[in-house]
Amino acid sequence: MLPIIAWRNLWRNKRRTALSLAAVAFPLALVQCMSGTMHAMTDRMVEAVTETQLGHVQIHQEGYRTSRGRWRTVADADRVLETVRAADRVEAAAGRIYGVAHASIVRGNDDEVRSGNGEEVAAPVVALFGLDPQAETQVTDMEERVVEGRWLEGETDVLIGHVLAQTSGAQIGDAFLPTAVDASGATRGPWAVSDQVPRIVGILRTGIDDVDRRMVLLPRRYLASLIRMEEEVHEIAIRADGIEDLASLVTTLE
């Protein structure tokens with residue numbers, strides 16, 4: 001009886017009922033819309049950060065993230081990478097090394113650069129980022145952020161950030177001659193690695209000006225030879241099959 005009376009009462013004043021329904025339905029729909037938008041924004045932010053440089057999971061030697069000490073490395077990098085790539089849920093993995101160098105950006109042909117007769121454009125202090133060009137394209141979208149020139153292909157190819165290019169006046173085709181301190185504390189320049197002239201082949205825009213102001217990308221093997229870290233990496237970046245339950249992936253890798 002009560003349900004029948006209530007139902008009849010609802011339609012006794014249709015305008016009042018319609019307003020009551022609208023007062024409940026509209027805020028509920030608005031909350032659902034805002035909740036969906038926030039979740040979408042959060043997911044997109046996570047994707048943007050992981051796809052640009054971080055990857056879904058990273059492997060370091062214990063203490064590296066705190067001290068960033070260049071001696072805190074993952075040894076026997078190729079074997080570790082092979083093991084990681086064979087793990088469930090791992091789609092791709094790439095080894096990376098980092099360094100700091102004083103660089104000379106020189107304009108001229110190979111003979112002029114080697115003989116020291118090229119035109120020095122700038123001499124910045126830069127952060128070197130050594131990566132495996134092919135593997136990196138499977139882990140992040142770094143290749144898609146090249147705004148001028150091309151991605152790394154040759155062993156002496158170099159990419160620089162767009163802010164560094166603007167402030168230094170560097171151009172694609174200029175020689176990039178890094179001088180860095182190796183693992184033993186000795187200073188080594190490009191001619192200690194190869195007689196080929198390292199040259200800028202592209203300009204990168206990550207979207208973070210502080211990174212683009214100092215970052216220089218070059219093949220991991222080249223940087224490893226420069227600072228004598230051939231069998232080690234500072235970081236292994238991993239791309240998983242999704243961001244759900246990454247904790248279980250980390251446990252598997254441990």
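**Before you start.** This is a predicted model, where local features need pLDDT of at least 70, side-chain atom pairs count only at pLDDT 80 or more, and totals for chains, interfaces and linings use all residues. Residues are numbered from 1 along each chain as its sequence is written, and side-chain values use heavy atoms, with hydrogens and water left out.

**Whole chain.** Show the cartoon. The protein chain has 10 helices and 13 strands (DSSP runs numbered from the N terminus: helices are H or I, at least four residues; strands are E, at least two). Of its 254 residues, 41% are buried (under 20% relative accessible area, with a 1.4 Å probe and protein chains only).

**The largest pocket.** Select R68, Y98, G99, A127 and L128. Of the 23 residues that line the largest pocket, these are the closest to its centre. The volume is about 550 Å³, meaning the space filled by probe spheres set on grid points joined across faces, edges and corners. A pocket here is an open set of points on a 1 Å grid over the protein atoms alone, where a 1.4 Å probe fits, with protein on both sides within 12 Å along at least five of seven lines; lining residues have an atom within 4 Å of a point.

Now colour the lining by element. α2 (14-54), α3 (64-67), β3 (90-107), β5 (125-131), β8 (175-181) and α8 (209-214) each give two or more residues. β3 gives the most, with 4.

**Strand β11.** Select residues 215-219. In this strand, 5 of 5 residues are buried. β5 runs parallel to β11, joined by 5 bridges (strands pair if DSSP finds at least two bridges between them). Find A127 and look across to M215 in β11.

**E235.** Select E235, in strand β13 (residues 235-240). Is E235 buried or exposed? E235 is buried, at a relative accessible area of 2%. Show side chains next. E235 makes a polar contact of 2.9 Å with the side chain of H60 and another of 2.8 Å with that of Y98 (N or O atoms within 3.5 Å; within protein, one must be able to donate a hydrogen and the other to accept it, and residues adjacent in sequence count only if both atoms are side-chain atoms).

Methods:
Buried means under 20% relative accessible area, exposed over 50%, partly exposed in between (1.4 Å probe, protein chains only).
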